[in-house]
Structures are given as C-alpha cells and as structure tokens.
Amino acid sequence: MLRQFRDPDGTSIHFIAEGQEANIQPEWTEIEISNDPPPFVDPPYFIKRMKEYPGVGDQLDMLWHMMDDEIIPGKGSEWYNQILAVKNAHPKPE
Amino acid sequence: MAVLQGDSRIGTQQKAFYRFMTAAGEPLYVHMKTNIDLNYIMFCIEAEGYNYGLTLPILCSWIGYTYGDGSLYNTAVTNYYGGMNAHGIYYSSDSKIVLRAYAGSHYYNGFILNSYMVNPNGYQYRVSITNAIQTSNSGNYY
C-alpha cells in the first residue's frame with residue numbers, strides 16, 4: 001500500500017512505498033486514504049466524446065465523400081485520387 | 001512482485017514491480033524516478049491498469065538506452081488504451097531515469113509497472129522506483 005503525502009503548498013502528492021520511509025520529509029502532510037468504496041464518477045466530456053466519435057477511418061471517408069460531392073474542395077487532389085484508386089480497385093458490391 | 005527469469009535469449013521480465021494508486025484527480029502528471037543509471041542500460045517499462053475517473057484501461061510504455069556520457073538514446077513513449085499516457089523520459093539531477101506520465105484525471109487511478117530488460121545492455125537489470133510524485137509539473141521534477 002502506497003502512503004501519500006502532500007507538499008506544504010498542497011499542490012503535489014508524494015508516494016512512499018514500503019521500505020522508502022526514509023524519503024518522507026517532515027514538512028509533508030500524510031493523506032488519509034479512505035477504505036470506503038469510491039462514489040460513482042461521470043467520465044469527463046472528452047472521454048465521452050472520444051468513445052462516441054466515429055473511427056478515424058470513417059471520419060476520413062466522410063471527408064472523401066464530401067470532396068467527391070464537391071461540398072468541400074479537394075476533388076482531384078493526390079489524396080482524393082489515391083483513395084479513389086483503391087475504391088475503384090475494390091468496387092462496392094451492388 | 002513476481003520476477004520471471006528468462007533464459008539467455010529472452011532476458012528478464014519483472015511483473016508488477018511497482019503498484020501505483022491515487023484517489024486525487026489532480027494534479028495531472030506523475031513522475032516516477034527509477035534506479036536506472038548511466039551504466040549503458042536499455043530499458044522497456046510498461047504500465048497496465050485501470051483509470052476509473054476516465055473510465056479507460058491503461059497500457060503504455062517507455063523505452064530508452066542510457067549512456068555513460070549522460071546521453072539518452074533511442075527513447076520513445078507509446079500509448080495504447082488512453083487511461084494514461086507515457087508522457088516523457090528524462091534524467092534526474094543525480095542521473096537516474098525518470099518516467100513521466102499524464103492523464104486527464106487520476107481519480108482512482110491504479111496501475112502496475114512491468115519491466116522487460118531483454119537487451120544485451122541492461123540484461124536482467126532489476127528495475128525499481130525510488131521516488132514518485134503526482135504534480136502539475138509537465139517538465140522535469142527530480
């Protein structure tokens with residue numbers, strides 16, 4: 001079990017493993033670690049977004065189709081043509 | 001700690017040689033000072049665990065090669081699962097390797113460290129963590 005100590009300014013937490021007690025500084029304050037089960041926590045928004053975004057490949061395919069439909073510029077570019085060549089080599093079954 | 005001794009071809013793996021856990025979501029950086037010194041050691045250290053606050057598993061790694069003149073060669077950090085990122089590697093002021101990790105929250109973050117000392121230089125080196133801190137410092141702490 002790691003013991004945890006706060007710096008005097010309260011900003012940093014030091015971790016002391018068994019056998020490392022000599023590292024403990026007198027100005028540190030030990031943090032009491034509760035044995036109670038931690039409460040439910042809602043994941044932060046960026047994690048929720050990350051889990052729900054389409055895969056990067058699907059997002060790029062959306063952009064390719066927007067180029068193909070000329071919603072955004074890029075049709076005929078090197079990147080567009082390389083993707084087009086792969087699509088033409090493996091046509092989507094009807 | 002389990003120490004798995006390999007034969008002369010596959011080297012040594014230390015599984016769970018260090019266990020980290022915290023209840024505080026912040027600060028966001030963790031610095032772990034190792035006993036790896038300048039004695040020409042090739043190291044591969046991996047973190048595995050569960051970041052409850054982020055609701056993501058952890059799998060990330062730090063690799064590098066320490067050199068007697070104080071250089072640090074062929075380093076890389078690799079991040080797989082997103083629960084915590086291997087953020088950097090640096091020398092402490094007394095020339096020991098320090099691993100820096102970052103997570104968007106450390107709220108009930110738990111992980112273990114494994115070492116894979118399989119290269120000719122540093123083969124079977126017994127890695128340990130001598131100091132660890134959770135801090136807002138994204139550069140060098142030790």
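This is a predicted model: local features need pLDDT of at least 70, side-chain atom pairs count only at pLDDT 80 or more; totals for chains, interfaces and linings use all residues.

1. Strand S1 (3-6), strand S2 (13-16) and helix H1 (45-52) of chain A each supply at least two residues of the side of chain A that touches chain B. H1(A) gives the most to that side, with 4 residues.

2. By residue type, the side of chain A that touches chain B consists of 14 nonpolar, 6 polar and 3 charged residues. The count of salt bridges between chain A and chain B is 0.

3. On extent: 23 residues of chain A are in contact with 25 residues of chain B. The size of an interface is often given as the accessible area lost when the parts come together. For chain A and chain B the buried area is about 1,900 Å², and carbon and sulfur atoms account for 57% of it.

4. Strand pairing also runs across the two chains. S2(A) pairs with strand S10 (residues 129-135) of chain B in the antiparallel sense, over 3 bridges. Within this arrangement, Ile13(A) stands opposite Gln134(B) of S10(B).

5. Is His14(A) buried or exposed? Its relative accessible area is 6%, under the 20% cut-off, so His14(A) counts as buried. The side chain of His14(A) makes a polar contact of 2.6 Å with the side chain of Asp7(A).

6. The surroundings of His14(A) come from both chains. Leaving out residues up to four places away in sequence, His14(A) touches Arg3(A), Gln4(A), Phe5(A), Asp7(A) and Trp28(A) in chain A.

7. Gly10(A) is found in the loop between S1 and S2 of chain A. Its relative accessibility is 32%, which lies between the 20% and 50% cut-offs, so Gly10(A) counts as partly exposed. The C-alpha atom of Gly10(A) is separated by 8.8 Å from that of Thr29(A), a residue 19 positions apart from Gly10(A) along the chain.

Note on methods
Residues are numbered from 1 along each chain as its sequence is written. Chains are lettered from A and ligands numbered from 1 in the order in which they are written. Side-chain values use heavy atoms; hydrogens and water are left out. Contact means heavy atoms within 4.5 Å. Buried area is the accessible area (1.4 Å probe) that two parts lose on being put together, summed over both. A salt bridge is a side-chain nitrogen of Lys or Arg within 4 Å of a carboxyl oxygen of Asp or Glu. Ala, Val, Leu, Ile, Met, Phe, Trp, Tyr, Cys and Pro count as nonpolar, Asp, Glu, Lys and Arg as charged, and the others, Gly among them, as polar. Two strands pair if DSSP finds at least two bridges between them. Buried means under 20% relative accessible area, exposed over 50%, partly exposed in between (1.4 Å probe, protein chains only). A polar contact is a pair of N or O atoms within 3.5 Å; within protein, one must be able to donate a hydrogen and the other to accept it, and residues adjacent in sequence count only if both atoms are side-chain atoms.
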